Amino acid sequence: MNKEAYAELMNELKDKNVTLVAVSKTKPAEDIFELYKLGQKDFGENYGQELLDKYLKLPPDICWHFIGHLQTNKVKFIIPFVHLIHGVDSYKLLSEINKQAQKINRVINCLLQVHIAQEETKFGFDEKELDEAINQLINAPMENINVTGLMGMASFTDDMNKVRSEFKYLKSLFDKYAQLQTANCKLQTLSMGMSSDYKIAIEEGSNMIRIGSLLFGERV
Ligand SMILES: *Cc1c(COP(=O)(O)O)cnc(C)c1O
């Protein structure tokens with residue numbers, strides 16, 4: 001865990017309204033605890049089982065973000081404690097989260113993931129699907145779901161102009177739907193930016209960044 005990088009990042013975010021989610025996937029619980037002791041409370045994980053194991057080992061006041069691609073059969077493992085699910089990319093997944101949350105009487109905060117990169121491999125709604133999902137939610141509200149924002153990942157490229165234009169595009173969708181403010185669809189959070197592109201993401205209006213390798217080192 002890189003204490004200097006953390007201090008530098010916190011200093012950079014000091015006067016900004018941006019939440020740092022420390023992405024700890026594949027890293028041991030000890031590394032997370034080191035960062036926790038410095039005051040970091042928001043951590044992000046990509047895999048259901050790994051998240052559950054770490055949740056059971058680490059202090060209860062950590063806010064756990066699920067940032068990966070969530071399979072419907074893994075939803076029930078994280079519903080009891082998850083703070084925010086970033087990668088909701090289908091109406092079916094939203095229904096499953098609602099169903100599992102209902103069983104234990106929780107309301108789960110979710111971000112809808114939008115496909116903004118050109119790569120085929122990145123998940124998410126396209127603009128039309130996003131519109132449909134939001135309209136479905138408005139017409140038939142799910143009692144145990146709060147859609148609180150959008151999430152996106154830019155293309156993996158050195159072309160920072162491309163990255164910037166993808167972030168700009170996501171911000172424009174965010175602004176459009178943020179005006180709706182219905183009972184369980186109130187967009188406040190725009191989760192965009194990772195180690196390599198968070199500065200651009202913040203310039204383009206991100207208020208939640210997900211940083212892994214910069215803090216914890218490269219993953220194997
Ligand atoms: C792994 C991951 C991150 C962190 O990536 P870094 O480049 O290590 O900062 C952020 N968001 C998502 C969705 C991820 O899967």
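This is a predicted model: local features need pLDDT of at least 70, side-chain atom pairs count only at pLDDT 80 or more; totals for chains, interfaces and linings use all residues.
## The largest pocket

Let's start with the open space in the fold. The largest pocket has a volume of about 770 Å³. It is lined by 31 residues, and those closest to its centre are Lys25, Lys122, Met153, Met194 and Arg219.

## Aromatic pairs

The structure holds 3 aromatic pairs, and two of them are described here. One is formed by Phe33 and Tyr36, whose ring centres are 5.8 Å apart; their planes meet at 15°, under the 30 degrees needed to count as stacked, so this pair is stacked. Both residues belong to helix 2 (residues 29-37), where a spacing of 3 residues separates them by about one helical turn. Phe33 is partly exposed, with a relative accessibility of 33%, whereas Tyr36 has 16% and counts as buried.

Another pair brings together Tyr55 and Phe81, also stacked, with 3.8 Å from centre to centre and 5° between the planes. Tyr55 sits in helix 3 (residues 48-57), while Phe81 is in the loop between helix 4 (75-78) and strand 4 (84-88), so the contact ties together parts that lie 26 residues apart in sequence. Here Tyr55 is partly exposed at 29% relative accessibility, and Phe81 is buried at 10%.

## A lysine over a ring

If you look at Phe77 in the model, you will find Lys76 lying over the face of its ring. The distance from Lys76 to the ring centre of Phe77 is 5.3 Å.

## The two sides of helix 2

Which residues of helix 2 are buried? They are Ala29, Asp31, Ile32, Leu35 and Tyr36. These residues cover an arc of only 160° around the axis, so they fall on the same side of helix 2.

And what does the face of helix 2 turned away from its buried side carry? That face carries the exposed residues Glu30 and Lys37. Tyr36, then, is both a member of the buried set of helix 2 and a partner of Phe33 in a stacked pair.

Technical notes
Residues are numbered from 1 along each chain as its sequence is written. Side-chain values use heavy atoms; hydrogens and water are left out. On a 1 Å grid over the protein atoms alone, a cavity is a set of points where a 1.4 Å probe fits but cannot get out, and a pocket is an open set with protein on both sides within 12 Å along at least five of seven lines; lining residues have an atom within 4 Å of a point. Grid points are joined across faces, edges and corners, and a volume is the space filled by probe spheres set on the points. Rings of Phe, Tyr and Trp (its six-membered ring) pair if their centres lie within 6.5 Å; planes under 30 degrees apart count as stacked, over 60 as edge-to-face and the rest as tilted. Helices (H or I, at least four residues) and strands (E, at least two) are DSSP runs, numbered from the N terminus. Buried means under 20% relative accessible area, exposed over 50%, partly exposed in between (1.4 Å probe, protein chains only). A charge sits over a ring if NZ of Lys or CZ of Arg is within 6 Å of the ring centre and within 35 degrees of the ring normal. The arc is that of the directions from the helix axis to the C-beta atoms.
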